[in-house]
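The exercises below concern one chain. Work each task with the structure open before reading its solution.

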Amino acid sequence: MKSKYTPLVKLKKKELDRVERDLIAANNRIKLATKLCEEAYMLLQSLSLPTSGSISEFTQAQMLFQAQHQEIENCNLNLAKAQHYQLLIQQQFKEAMIEYEKFKYLEMQELQAHSAKIKKEEAKMLDEIGVMTHKREPL
């Protein structure tokens with residue numbers, strides 16, 4: 001039995017599924033950004049300043065350090081953006097879940113009311129049949 005809320009429930013379910021996929025993608029973006037940050041930190045730790053040599057070697061090493069620090073800042077910025085996006089998607093997921101549950105509840109209430117109405121009509125019909133058979137005169 002379909003109710004007037006059935007199409008809305010389907011629509012809200014599709015929206016909920018879409019937001020859930022977006023949330024999974026946001027979580028994957030955070031994992032990727034975290035992994036890239038960890039790799040950038042590990043690369044920074046592996047760099048070392050030369051202890052001897054020309055000033056140009058020292059300048060090159062210093063530029064490598066600065067470039068790696070810039071890369072770490074970019075990674076941290078990307079991670080912060082991914083976390084912010086995840087929070088937005090989590091909020092959308094909560095709202096979509098509430099909307100879906102609301103229409104699912106309304107659909108269930110309507111179906112239960114319809115079922116109660118049918119049971120009441122069946123009980124009335126059974127009472128009529130019982131009265132008819134009870135009042136029946138023997139042949």
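**Exercise 1.** Which residues does Lys12 touch, not counting residues up to four places away in sequence?

*Solution.* Begin with the source. The model is predicted, with local features needing pLDDT of at least 70 and side-chain atom pairs counting only at pLDDT 80 or more, while totals for chains, interfaces and linings use all residues. Residues are numbered from 1 along each chain as its sequence is written, and side-chain values use heavy atoms, with hydrogens and water left out.

Then list its contacts (heavy atoms within 4.5 Å): leaving out residues up to four places away in sequence, Lys12 touches Glu99, Tyr100 and Phe103. Finally, Lys12 has a relative accessible area of 17% and is therefore buried; buried means under 20% relative accessible area, exposed over 50%, and partly exposed in between, with a 1.4 Å probe and protein chains only.

**Exercise 2.** Describe how the axes of H1 and H2 come together and cross.

*Solution.* Two packed helices are described by the angle between their axes and the distance between the axes. Helix H1 covers residues 6-46 and helix H2 residues 55-135; their axes come within 7 Å and cross at roughly 160 degrees. The axes are lines fitted to C-alpha atoms, for helices over the stretch in contact, and the angles run from 0 to 180 degrees between N-to-C directions. The crossing angle makes H1 roughly antiparallel to H2, a term for angles over 145 degrees.

The handedness of the H1 and H2 crossing is left-handed, that is, the near helix is turned anticlockwise from the far one by less than a right angle. Sorting the residues of the contact of H1 with H2 gives 26 nonpolar, 11 polar and 9 charged. In this sorting Ala, Val, Leu, Ile, Met, Phe, Trp, Tyr, Cys and Pro count as nonpolar, Asp, Glu, Lys and Arg as charged, and the others, Gly among them, as polar.

**Exercise 3.** Which residues make up the largest nonpolar core?

*Solution.* A nonpolar core is a set of buried Ala, Val, Leu, Ile, Met, Phe, Trp, Tyr and Cys residues joined through side-chain atoms within 4.5 Å. The largest one has 10 residues in all: Tyr5, Val9, Leu16, Val19, Leu23, Ile89, Phe93, Ala96, Tyr100 and Phe103. H1 and H2 are the elements that give two or more residues to this core, and H2 gives the most, with 5 residues. One member, Val9, touches Tyr100, Phe103, Lys104 and Glu107 when residues up to four places away in sequence are not counted. Another core, of 6 residues, lies apart from it and includes Cys37, Leu44, Phe65 and Ile72.

**Exercise 4.** Is Glu107 buried or exposed?

*Solution.* Glu107 lies in helix H2. Its relative accessibility is 10%, so Glu107 counts as buried. Not counting residues up to four places away in sequence, Glu107 touches Ser3, Tyr5, Thr6 and Val9.

For a contrasting case, take Lys124, which lies in helix H2. At 53% relative accessibility, Lys124 counts as exposed.

**Exercise 5.** Which residues is Ile30 in contact with, leaving aside its neighbours within four places in sequence?

*Solution.* Ile30 lies in helix H1 and, at 14% relative accessibility, counts as buried. With those neighbours left aside, Ile30 is in contact with Leu79, Ala82, Gln83 and Gln86.

Notes:
Helices (H or I, at least four residues) and strands (E, at least two) are DSSP runs, numbered from the N terminus. Angles under 35 degrees count as roughly parallel, over 145 as roughly antiparallel, 65 to 115 as roughly perpendicular and the rest as oblique.
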